[in-house]
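I opened this notebook to record what I looked up in one model. The entries follow the order in which I consulted it.

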Amino acid sequence: MKNLSIIRKCPECRKLFALSKGQTTEIAREDTRVVESLTQPHLKGELHQMATYHVAGERITYATEYVCRHCGKTQIVETSKVNKK
Ligand SMILES: [Zn+2]
């Protein structure tokens, strides 16, 4: 999951470290495919091979509210994560 602490600056008043994290809501969930890669053992005389395959997964999108303690503006930040099923 993405690190939400990277959002440290209010886009409105430009104050640093002013945003306090509010509610996180799940807003979407969709089926997707997750790419897995599998590295083959290195065999003598053969090229290093990388095999990729797909597994079933789901992408979940969240909206997180950040409220500025200085100007009171609310920012909505969307993040998503992909889980293997
Ligand atoms: Zn602000």
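The entries below go from the whole chain to single residues.

**Entry 1: basis of the model**

I note that this is a predicted model, in which local features need pLDDT of at least 70 and side-chain atom pairs count only at pLDDT 80 or more, while totals for chains, interfaces and linings use all residues. I number residues from 1 along each chain as its sequence is written.

**Entry 2: the whole chain**

I looked up the secondary structure and found zero helices and three strands in the protein chain. From the N terminus on, the order of elements is β-β-β. I take helices (H or I, at least four residues) and strands (E, at least two) as DSSP runs, numbered from the N terminus.

I then turned to burial, where buried residues account for 2% of the 85 residues in the protein chain. I call a residue buried if 20 or more other C-beta atoms lie within 10 Å of its own, exposed if 12 or fewer do, and partly exposed in between, with C-beta atoms placed from the backbone.

For contacts, I looked at pairs of residues at least 6 apart in sequence: 59% of these contacts in the protein chain join residues at least 24 apart. Two residues are in contact if their C-beta atoms, placed from the backbone, lie within 7 Å.

**Entry 3: the segment before strand 1**

I found Arg 14 in the segment before strand 1, which spans 19-39. Arg 14 is not a glycine, yet I read a positive phi of about 65 degrees for it. Arg 14 counts as exposed because it has 10 C-beta neighbours inside 10 Å.

Phe 17 also lies in the segment before strand 1. Its phi is positive as well, about 55 degrees, although Phe 17 is not a glycine. I list Phe 17 as exposed because 9 other C-beta atoms are within 10 Å.

I placed Ala 18 in the segment before strand 1 too. Ala 18 has 18 C-beta neighbours inside 10 Å and so counts as partly exposed. Which residues are in contact with Ala 18, leaving aside its neighbours within four places in sequence? I found Cys 10, Cys 68, Arg 69 and His 70. I also looked up Gly 72, 54 residues from Ala 18 along the chain, and the two C-alpha atoms are separated by 9.6 Å.

Leaving aside neighbours within four places in sequence, Arg 69 is in contact with Ala 18 and Ser 20. Arg 69 and Ser 20 are 49 residues apart in sequence, and I read 6.9 Å from C-alpha to C-alpha. Is Arg 69 buried or exposed? Arg 69 counts as exposed because it has 12 C-beta neighbours inside 10 Å.

I found Ile 60 in strand 2. Ile 60 is partly exposed because 17 other C-beta atoms are within 10 Å. Apart from neighbours within four places in sequence, its contacts are Glu 26, Arg 29, Ser 80, Lys 81 and Asn 83. For Ile 60 and Ser 80, 20 residues apart along the chain, the C-alpha atoms are separated by 5.4 Å.

Leu 38 is found in strand 1. With 9 other C-beta atoms within 10 Å, Leu 38 is therefore exposed. Not counting residues up to four places away in sequence, I found that Leu 38 touches Ala 51 and Tyr 53. The C-alpha atoms of Leu 38 and Tyr 53 are separated by 8.0 Å, at 15 residues apart along the chain.
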